[in-house]
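Thanks for coming, everyone. Please bring up the model on your screens, and we'll walk through it together.

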Amino acid sequence: MKSLANLFSNEVKLMSRKKTILMLTNFIVIALLVSNALSSIAIEREYNAGDIFTWGFNIEDVRTNTYLDLDLVYINDETDSGDIQLNITAIDTLSKDFEGIWSDDTGSGSPGTYDYNWDDLGDRFETGDLFDIDWEWNYLNNVTVPGDFDFMLNTPYLMWQVFDHSYLIDPKWGDINDAIFAGFNLTYQVESFVNPYNANITYNYTLADVFDNISFKIMGKDTLADAESKFTDTTYKWNFVFDLSGFIMEEYWNGTLDIYQTYETYIVSISLEYSEGGVLQKLEHTTTTLITIDGVQEEENHKFKLALGGMKSATANFATVSAIIGLFTISIAVVIIRRRKK
């Protein structure tokens, strides 16, 4: 009887163990199925045929010259702003193209076919397209000097290029973030400069030659290693600040020779924001420089803003916006001169 009881007890324990294993197995299978189902849910685009979007843009260039010996300040302020409207007439989800009519403030526009496939727009994320970096030859000292820098993620050079944007993009944020971060390839050769006196000598510069001499914040982080964690499959807002003060140089003629002077301030910043479904919400690009040459302190501020919602959105938070440039310039100059004389 005792051996029979022990046998029964062991059988019960064995069944209990099998039941536990079966329950754990079922739990794991269900968890995996749920996980796969959630990961396979793609973010839906937020634009369809029949949708109409309006973006506003505002461009402002302000140059302030302070004549230190004369106690005089001169300001030149130029602005340009307007609306851009897109009427989507059809979408091809296979080719990821959309047909639409772009129109400006005059209401004129023409139909066309445009790509919203992030991969086809991906060349904008490549290092050679993200950065515009130039070196120049300093003939006085026979050396190369860094003469220009810009970061151009989705940013136009000229006002008419305001149409050349990824206003709508396929919201594959994981792929897009991988592509953007891959653009910060420090080994990439951003400039190749030939010695003007000896064609056999070439100076090759990589992105590291810039980043080793400047400070920056990418997604709020001051190292690429720390910033990498911010580029995720749920990120659709980015910000970048590059401080090249004391690095970039400007050429000027001193009456006898071409001289290179280092910028006291040279800051380039960009913030870019989409909706989760791939509609451009806001783009801001700002360049601020300050340099003092022969007693004249020259400060330049270039601001470009593009925002969904029209011109009111694009002009919001701008320091100064005026339609009467001449009157604006004179009045501000007088105010500053009076302040300096107090």
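Where is Asp233 found? Look in the loop between α5 and β10. Keep in mind that this is a predicted model. Asp233 is exposed, at 53% relative accessible area, because the cut-off for exposed is over 50%. Asp233 also belongs to a negative surface patch.

Now the overall picture. The protein has 342 residues, and 37% of them are buried. Count seven helices and 15 strands. The accessible surface comes to about 19300 Å². Carbon and sulfur atoms hold 53% of that surface.

Next, helix α3, residues 173-182. Its buried residues are Trp173, Ile176, Asn177, Ala179, Ile180 and Phe181. What covers them? Among the elements are α2, α5, β10 and β13.

On to salt bridges. How many does a search of the whole structure find? Four. One of them joins Glu300 and Arg63, with the closest N and O atoms 3.2 Å apart. That pair links distant parts of the chain: Glu300 sits in strand β15, Arg63 in strand β1, 237 residues apart. Glu300 is partly exposed at 30% relative accessibility, and Arg63 is partly exposed at 38%.

Lys237 and Glu273 form another salt bridge, at 3.9 Å from N to O. Here strand β10 supplies Lys237 and strand β13 supplies Glu273, 36 residues apart. Lys237 is partly exposed, with a relative accessible area of 46%. Glu273 is partly exposed too, at 23%.

Lys282 also meets Glu284 in a salt bridge, at 3.7 Å from N to O. That's the tour. Over to you.

Conventions
Residues are numbered from 1 along each chain as its sequence is written. This is a predicted model: local features need pLDDT of at least 70, side-chain atom pairs count only at pLDDT 80 or more; totals for chains, interfaces and linings use all residues. Side-chain values use heavy atoms; hydrogens and water are left out. Buried means under 20% relative accessible area, exposed over 50%, partly exposed in between (1.4 Å probe, protein chains only). Helices (H or I, at least four residues) and strands (E, at least two) are DSSP runs, numbered from the N terminus. Contact means heavy atoms within 4.5 Å. Patches are made of residues with over 30% relative accessible area and no salt bridge: like charges are joined within 9 Å, nonpolar side chains (Val, Leu, Ile, Met, Phe, Trp, Tyr) within 5 Å. Accessible areas come from the Shrake-Rupley method with a 1.4 Å probe; for residues, only the protein chains shown count as cover. A salt bridge is a side-chain nitrogen of Lys or Arg within 4 Å of a carboxyl oxygen of Asp or Glu. Lys and Arg count as positive and Asp and Glu as negative; His and the chain ends are not counted. The place of a charge is taken as NZ of Lys, CZ of Arg, CG of Asp or CD of Glu.
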